[in-house]
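I opened my notebook for this one and jotted down what I looked up. Here are my entries, in the order I made them.

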Amino acid sequence: MAAAVPAQAADQGGGAAINALVRARLAEERGDAAGALAALTSVSSLAPDLPGIRGRILEQAIEAGDLAAARTAALQSWNSGERRFDAQLVLLVDAMRRSDWKGARAAIAGRDDKTGTDVIGRLVMPTVNAWIDVGARQATPERYLLAAQGRTRPEPSLALQAALIQLATRRTDEAAALADDIVLSDRTSQLVALRLAVTLDKAGRRDAAARLRGRTLLAAAQREDPMLLLPDQPVVTARAGVAQWLGLLADGLVRVPNSNTKLPMLFARAAHWLNDKDWAVQATLVEVLDRNGQRDAAVALLSGGRSALPPVLVMRRAELLADSGDLAGAAKLAETAAAGAAARSLLVRLADIARRSEDRKAAADAYKRLEAALGEEQGDQQLRGTLLIARAELLLQADDWDAAAPLIEQAVALRPADAMILNFAGYSALERRKDVPQSLARIEAAWAKEPQNASITDSLGWAYFLTGRTGEAVELLEKAQRGEPTNAVIVEHLGDAYWQAGRRFEARYKWRAAVLLAEAEMATRLEAKLRDGLTPATVAP
């Protein structure tokens with residue numbers, strides 16, 4: 001970008017423009033959107049004709065949550081002929097916030113998907129058009145949604161939006177009938193269905209709401225989805241309607257692994273500007289900010305503000321604090337979030353934070369609370385097996401094998417065909433040289449079920465090493481390392497097996513690699529091996 005500063009800018013303030021560009025880039029890299037926006041604004045004043053500067057200012061204003069700056073950049077972009085979708089959406093949000101329905105309609109004019117291949121046109125525009133009509137008090141605003149796919153039935157989530165719109169226009173009987181006719185499919189449609197159900201409740205149609213909830217699998221799953229742990233909120237206004245839809249789109253997009261965050265950021269920010277009291281929108285924006293490297297901004301968003309945070313968002317703030325290194329603060333917040341009759345998932349998350357803060361007692365207490373809430377259903381019994389292993393692992397960290405062993409055996413009895421439990425049981429005993437034949441048999445059974453699992457392959461390779469089957473150990477440990485090349489434990493195991501097989505040069509090479517990946521205790525053992533070779537005292541545990 002620096003080389004692209006126009007010649008006229010180089011004569012007057014070119015050096016300052018370049019410095020501002022550098023500041024902007026550094027701010028972007030550290031996730032400081034506000035700092036990047038300020039620096040880019042300086043660049044624009046020094047070099048207003050710099051190609052792409054308006055677009056970068058707009059993007060950083062959106063990331064920083066600065067609607068005023070985003071509106072200015074969007075207007076400049078639009079008036080200069082750059083018809084960017086982010087500018088279009090910002091102008092739409094600005095108009096809707098002012099209840100300027102004519103301006104809102106003008107902001108989205110010109111984007112009409114006639115082919116059905118434009119994802120933005122297909123998923124965003126019908127819903128936005130319909131809610132604009134609600135605000136403008138136009139007749140049958142749901143027509144955009146019910147005709148969204150021509151002669152075919154509209155997607156379930158769009159049909160559900162149509163029912164929400166019928167409720168917003170006080171046509172409760174039509175909304176209830178439409179709700180009964182919709183077949184729910186994906187997670188998004190089910191989340192909209194639950195919004196529709198609470199809105200039906202508010203409109204006095206509890207019968208239709210109950211029928212809709214009864215057909216929603218997420219609602220039947222004891223509300224463990226994080227979104228379902230948020231307070232129920234009806235959707236009754238045009239702004240709230242567009243906000244909840246853009247928030248749901250952002251939620252779906254941010255869940256895609258390794259995806260670009262620009263579009264979910266745009267949708268989440270627009271949704272939050274429209275309705276910052278929507279807990280689902282706030283939760284989604286937090287996830288987008290965290291994925292975008294703006295963890296401090298995510299924590300700030302969960303500061304509580306005017307309203308007390310729901311427990312699930314308190315827990316999310318605790319996790320963000322833990323990720324930032326404040327484990328003590330995180331543990332305290334997590335205890336608050338999981339106080340009282342907490343949901344299962346909150347107890348699991350509490351235990352995870354307690355483990356990270358090395359508070360084994362708090363983690364064990366959380367697991368015990370969770371186990372006490374379980375019933376006798378098959379799913380609960382499977383979860384009980386997982387909790388028994390989690391409790392056993394805490395005891396093993398404290399080197400209490402005698403207390404851990406009965407828990408492990410209970411877990412195996414509950415889930416005798418579970419590869420991960422068999423592997424944990426076998427490897428935990430093998431590390432301590434307890435009943436090696438049984439340990440080996442369990443690991444072999446686990447590997448037979450999941451031969452592509454690198455951790456289980458490592459366990460079996462190490463079991464063969466300890467029982468003198470060095471050739472088979474090397475083959476399996478090489479396979480395990482190919483699956484997890486940066487796993488220090490696997491790399492050390494392979495080094496030990498190479499040494500035992502007489503491949504001393506390769507063993508030292510692996511140990512040196514493992515040192516770079518190892519924590520303190522392992523690193524000390526590896527350094528001793530590099531100095532003295534493999535001895536009974538330095539063999540991996």
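In which helix is Ile 18 found? I found Ile 18 in helix H2, residues 14-29; helices are DSSP runs of H or I with at least four residues, numbered from the N terminus.

Ground rules next. I am working with a predicted model, where local features need pLDDT of at least 70, side-chain atom pairs count only at pLDDT 80 or more, and totals for chains, interfaces and linings use all residues. Residues are numbered from 1 along each chain as its sequence is written, and side-chain values use heavy atoms, with hydrogens and water left out.

Then I checked confidence. The chain averages a pLDDT (the predictor's confidence in each residue, from 0 to 100) of 89, and 93% of the residues score at least 70. Where pLDDT is low, the predicted coordinates should not be read in detail.

Back to Ile 18: I noted it as partly exposed, with a relative accessible area of 33% (buried is under 20%, exposed over 50%, partly exposed in between, with a 1.4 Å probe and protein chains only).

Last, I looked up aromatic pairs and found three; ring centres must lie within 6.5 Å, using the six-membered ring for Trp, and planes under 30 degrees apart count as stacked, over 60 as edge-to-face and the rest as tilted. One of them is Trp 462 with Phe 465, stacked at 4.4 Å centre to centre with 10 degrees between the planes. Both residues lie in helix H28 (residues 454-466), three residues apart, about one turn of the helix. I also noted that both Trp 462 and Phe 465 are buried.

Technical notes:
Helices (H or I, at least four residues) and strands (E, at least two) are DSSP runs, numbered from the N terminus.
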